[in-house]
Amino acid sequence: MIHSCIVLIQLGRPLALFVALIALASHSTFADAKQAIDFSHEVVPILRRHCVDCHAGPQAKGGLSINGREELIDSGTVVVGEALASELVSRLVAEDADIRMPPPDRPQVSSKESLILRRWIDEGLVWERGFRFDADRYQPPVKLKSVNVSHQTESAINPIDEILRRENYIAENAVSDELFYRRVSLDLLGLLPKVDQSREFVADQRSQKRQILIDQLLTQSIDYADHWMSFFNDLFRNDYSGTGFITGGRRQITNWLYDSLRENKPYDAMARELIAPIGDETSGFADGIRWRGEVSAGQTVEIQFAQSVAQAFLGINLKCASCHDSFIDRWKLEDAYGLAAIYSARPLDLYRCDQPLGRVSSPAWLFPEIGQVDPDASRKDRLLQLSVLVTSPDNGSFSRAIVNRIWYRLMGRGIVHPVDAMQSEPWSEDLLDFLAQFLIDNDYNLKSLLRLIVNSRAYQSESVQGNGRPDDTFRFEGPMTKRLTAEQFLDAVWQITGAGPEQYDATVSRDKFDETAGDLPRLQADWIWGSSAAEDSVPPAGERIAFRKIFNFETVPHKAGAVVTCDNSFQLFVNGSYLGTGDNWLSPEGFIFTDMLTSGENEIIVVGNNAGDSPNPAGLFFEAQFTMPAGNTLSIFSDASWNYSGDVSVNQKDLHRDSTAEWQSVTVLKPLNVWEQAVERLAPSVLHRVVSGKRLMARAALMKNDPLMKSLGRPMREQIVTMRPTDFTALEAMDLSNGDAFSETLRNGSLKLLRDTSRPIPDLVVYLYEFAYSRKPTPEELEITLQYLGAKPNENQLSDLLWSIFMSPEFLLVR
């Protein structure tokens, strides 16, 4: 609450951080060394929690069986009386993720548990007479089972609620309208509801208003695509920067993915296009990352393909089986290599732990019960066959995996948990298979699945506290309280402060599909360069030339905007004054320059730079649109009427030109295909945005990863990451308390809010509370806040208020 936040502000952020870290610190407890180990109450729970799933029963993995004391000793992993000499202990603390047990995606043995196991071994491996861990291991059936429900629509009893009643859960306490709107908006669109929209929803007296709201949210295709890009970038290992992109060893699937989400492409079609690529726009998933230098056998692109397909689409982790028979499930080395061989364009030799086995793997699919690929078919045909098998309705693993991921994203815990351990038993097999079949019956429409879940009383009930970790005694009691993702947090901050970035990094065209954008302008510009590009010549590396256009206005335009891109970079000047720059020709830049124009003669100069170490293509694309006082529009665009000169230089933002400079006619180029694609895809929407003034807010999901987002939990995406950290960290606390990036956002936001003098300070405080928390401040909160701000707060005071709001659990959590 604001009371404690104001106190922390007065103490100063460094001290606030110290207090927070002290409060969050965990206290280590140690067993009494004089007390003998209690096998039944100390050791057995640890082994059940961490080891039984993989090392008990008839299929204990890796040669390690803990069914009984003798089997454990015979495995060779334990030296009785010598814990430090025991492989079991060394694996618990190994730094190498491929060796450490349990593996990284499973709950780890705590320091207290490790100490108990070491003492147990040192004290002679005491074992209760007659006790054994033997048990039948759960194996999910390949095909879905039929689940009977009496209601198939949301209009009566939601089938999810009917199934949960069988699990002895009845949703009784519905969350308030205010919190429901906040929750469902963040879950479906990743955005806070606007204050006026929230007020209108709460005042609505219609009995079906929640269902109506859900339908409205799901029609916002741009916001929907923006938000779910994060989820699928994590799942499909896609990003806008990072390992492999500079060296050409990795390709994005960004444009395809964004368009697929925006148009709500069926999920099975998405999977088929990634497994059997339809071209360069989808091949980045299957091709993985071509690491520089020598890599282990378990990180070749063929093995990456097997790992990615299995994890992303089946919820099966093949990383262990890519090196040796898995210690954690039933998958063997031959299974991973068989799947990899489907992708491989060459015979694929088998390796175990980087040692060749002297035999070649045969292309094979993991579940031959429903069909098999033809090992003698071409690579293209094998991939097509695999894509059909993976997405077959008979393959329950495919539909189960995605509905389980969606359930986890909305409810805070998977029906199978962790979500990449789909060989584990679900806490409700009926619910999992019903949702999987529902997705199939609705043509793999993800929005239909989302609509079904968020319309349930289970989703709309009050949230419960929980850590989302595996628990043998788990019982569904309602949606779990979730923390905001890195992207949700930043988007919410940018919404409230209006201080977000104006440009985004992902090369997607949002305005092109914005329902409010209207008709986009038809561009007329040519690509131009100097004489070094004449007659199909290739300009030299390092060439810098200036392009000039002189034009006249009788009256100054009401609006003026331009879209510019240049291979490789440019600086833009209007009437001798610097306007801006761009260094990514794949992403055209937009500029507004109404205030820089005059009546009479005007001049635009664009300084273009060609980079590289050897001759390479270069070109400039420029188009400006002007709205005149009479309402008509005029355009100026790069074409044969422009001139260029090499006698112009730029020192930072200062333009220097020789008064005797010779201006020559430009060369109009035949554009490269990649130039045309970049312009066709993005330039019209960029120009529309700057001319109309209708700027869609940049979303964090479309930005390159940065230190702040990393500390907030956004992964690097060099590997598939399907579950982000749920705990707050010390690094995160420091970045949010003293980090330059977040402090700058708060400072800019406070200045922007203070510039709006139409809203009195008391109204501003109420607005901030309603936007951030979906509630008004209590009288006491309002009094304390206004007392702190005073009648005329400065930027530091308002910045501190914003910080206190954004650091509150009420803001950081989705409840």
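Modeller: A residue is called buried under 20% relative accessible area, exposed over 50% and partly exposed in between (1.4 Å probe, protein chains only). The model shown here is predicted, so local features need pLDDT of at least 70 and side-chain atom pairs count only at pLDDT 80 or more, while totals for chains, interfaces and linings use all residues. Residues are numbered from 1 along each chain as its sequence is written, and side-chain values use heavy atoms, with hydrogens and water left out.

Biologist: What share of the residues in the protein is buried?

Modeller: Of the 815 residues, 55% are buried.

Biologist: How many helices and strands does the protein have?

Modeller: Helices (H or I, at least four residues) and strands (E, at least two) are DSSP runs, numbered from the N terminus. The protein has 30 helices and 18 strands. Its radius of gyration, taken over C-alpha atoms, is 30 Å, close to the 28 Å from the globule rule (2.2 Å times the number of residues to the power 0.38). The protein is therefore as compact as a globular protein of its length. Its C-alpha trace spans about 100 × 75 × 55 Å along the principal axes.

Biologist: What share of the contacts joins residues at least 24 apart?

Modeller: Contact means heavy atoms within 4.5 Å. Among contacts between residues at least 6 apart in sequence, 72% join residues at least 24 apart.

Biologist: Where is Pro557, and which residues does it touch?

Modeller: Pro557 is in the loop between β5 (544–553) and β6 (559–567). Its relative accessibility is 4%, so Pro557 counts as buried. With neighbours within four places in sequence left aside, Pro557 is in contact with Thr594, Leu597, Phe626, Thr627, Met628 and Pro629. From Pro557 to Gln625 there are 68 residues in sequence, and 9.7 Å in space, C-alpha to C-alpha.

Biologist: Which residues of helix α28 are buried?

Modeller: In α28 (residues 779–789), the buried residues are Glu781, Thr785, Tyr788 and Leu789. They lie on the same side of α28 because they cover an arc of only 95° around the axis (the arc of the directions from the helix axis to the C-beta atoms). Pro779, Glu783 and Gln787 are exposed, on the face turned away from that buried side. After α28 comes Gly790, with a positive phi near 80°.

Biologist: Which residues other than glycine have a positive phi?

Modeller: Most residues other than glycine have a negative phi, and most peptide bonds are trans. Asn168 is one of the cases with a positive value, its phi being near 70°. Asn168 is in the loop between α8 (159–166) and α9 (177–189), and it is exposed, with a relative accessible area of 59%. Asp443 also has a positive phi, near 55°. The loop between α20 and α21 (446–454) holds Asp443, whose relative accessibility of 56% makes it count as exposed.

Biologist: Where are cis peptide bonds found?

Modeller: One of them joins Met101 and Pro102, with omega about -10°. Pro102 is in the loop between α6 (87–92) and α7 (111–122). Another cis peptide bond joins His417 and Pro418, with omega about 0°. The loop between α19 (396–411) and α20 (429–441) holds Pro418.
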